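This report describes a single protein chain, with attention to its side-chain links and its sheet. Please consult the sequence and coordinates alongside the text.

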Amino acid sequence: MEPLLSAGPAAAPADLIKDGSTATFMADVVEASRQVPVIVDFWATWCGPCKQLTPALEKAVAAARGAVKMVKIDIDQNQDLAAQFKIQSVPAVFAFKDGQPVDGFAGALPESQIKSFIQRLTGQTGPSPVDQALEQAQTAHDTGDFGAAGTLYMQVLSEDPSNTKAVAGVIRCAVGSGQLDQARQILSQLPEEALRDAEIAAAKTAFDLVEEGQSAGGDTSGLKAQVAANANDHQARFDLAVALYGAGDAEGAIDHLLEIVARDRKWQDDGARKRLVEIFEAQGFTHPLTVAGRRKLSSMLFA
């Protein structure tokens, strides 16, 4: 299987993202902005926040697929241009349209605000096609249609190979459809940095929980008999919840863990509550089982 996550942003045509200078500024920025908006990123090699912002900008520009261009200006190599724009700190970003500066910001911004910045610049309203596909994929996943969800996530990756939400979605779909070998292979190919991403970490949690449950054994009849014989046998109930989750019965697992919390909140150093939190993370915070389970857990803890 080819690696799902690229080492960086999706590759953009050379004329969309380029290094600029004082000599090329008029052509690359002012004149070019009469055709499409141009983002100017003033940066420096010694600037820590620039190392976060510039790749995020490049990723967003590449995702816009030609609706906007980007020119990077090293202020140490182009001090007269930096002085002309009164750059006092970097990163500093200007947006040009129709030959004039029309917007800008200073400092690093989160990805969501960068997207909003580009949407304002291009006149785009509403979610992008990639965001729409991700939303549709999430809905399909939450309703158990892992095939449709996986197809949508793969379509997103064909447009944006660095989209961690889509990578996490493919892993979740593989886990949800019982294809643990596929999920394991994908996870093994990801760089360490990707595994620290919140979305991918949650997908890995889903894989780990199912794998643990399957390792515990698929026959739950004995555990069910133990719980039926002694409703306060919390270890048997916990083991049953683990096995049920591994067998694909997330709802049953959540119900048994909630029952432990209801009977003994502090059992095994909050073990049932902690496992519930892991399951909620693995399912995704918009999943109907998570929403309902969190509501029940909160009513128990704060009653």
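**Salt bridges within helices**

Arg263 and Glu259 are joined through their side chains by a salt bridge, with an N to O distance of 2.8 Å; the term denotes a side-chain nitrogen of Lys or Arg within 4 Å of a carboxyl oxygen of Asp or Glu. Both residues belong to helix α13 (residues 250-263), where they are four residues apart, about one turn of the helix. Helices (H or I, at least four residues) and strands (E, at least two) are DSSP runs, numbered from the N terminus. Arg263 is partly exposed at a relative accessible area of 39%, and Glu259 is likewise partly exposed, at 28%. On this scale, buried means under 20% relative accessible area, exposed over 50%, and partly exposed in between, with a 1.4 Å probe and protein chains only.

A further salt bridge connects the side chains of Arg184 and Asp181 at 2.7 Å, N to O. These two residues are three apart in helix α8 (residues 180-189), and therefore about one helical turn separates them. Arg184 is partly exposed, with a relative accessible area of 35%, whereas Asp181 counts as exposed at 61%.

**Basis of the values**

The model is predicted: local features need pLDDT of at least 70 and side-chain atom pairs count only at pLDDT 80 or more, while totals for chains, interfaces and linings use all residues. Residues are numbered from 1 along each chain as its sequence is written, and side-chain values use heavy atoms, with hydrogens and water left out.

The structure holds 16 salt bridges. One of them pairs Lys115 with Asp131, whose closest N and O atoms are 3.3 Å apart. This pair links distant parts of the chain, since Lys115 lies in helix α4 (residues 111-122) and Asp131 in helix α5 (residues 129-142), 16 residues apart. Lys115 is partly exposed, with a relative accessible area of 30%.

**The disulfide**

The structure holds one disulfide, a term that requires a pair of cysteine sulfur atoms within 2.5 Å. It joins Cys47 to Cys50, with an S to S distance of 2.4 Å. The link of Cys47 and Cys50 is right-handed, with 85 degrees about the S-S bond. Cys47 and Cys50 are both buried.

**The sheet and its helices**

Five strands form an open sheet of mixed pairing in the order β1-β3-β2-β4-β5; two strands pair if DSSP finds at least two bridges between them. The edge strands, β1 (17-19) and β5, each pair on one side only. From one strand to the next, the twist averages 20 degrees. Axes are lines fitted to C-alpha atoms, for helices over the stretch in contact, and angles run from 0 to 180 degrees between N-to-C directions.

β1 and strand β3 (residues 69-74) are parallel and share three bridges, with Lys18 having Val71 as its bridge partner in β3. Strand β2 (residues 38-43) and strand β4 (residues 92-97) pair in the antiparallel sense over five bridges; the partner of Asp41 in β4 is Val93. β4 is also joined to strand β5 (residues 100-106) by six antiparallel bridges, and Phe94 has Gly104 as its partner in β5. The hairpin of β4 and β5 has two residues between the strands, and Asp98 in the turn has a positive phi of about 55 degrees.

Helix α2 (residues 48-63) lies across β1, β2, β3, β4 and β5, and runs at about 160 degrees to β3. Helix α4 lies across β2, β4 and β5, at about 170 degrees to β5. Contact here means heavy atoms within 4.5 Å.
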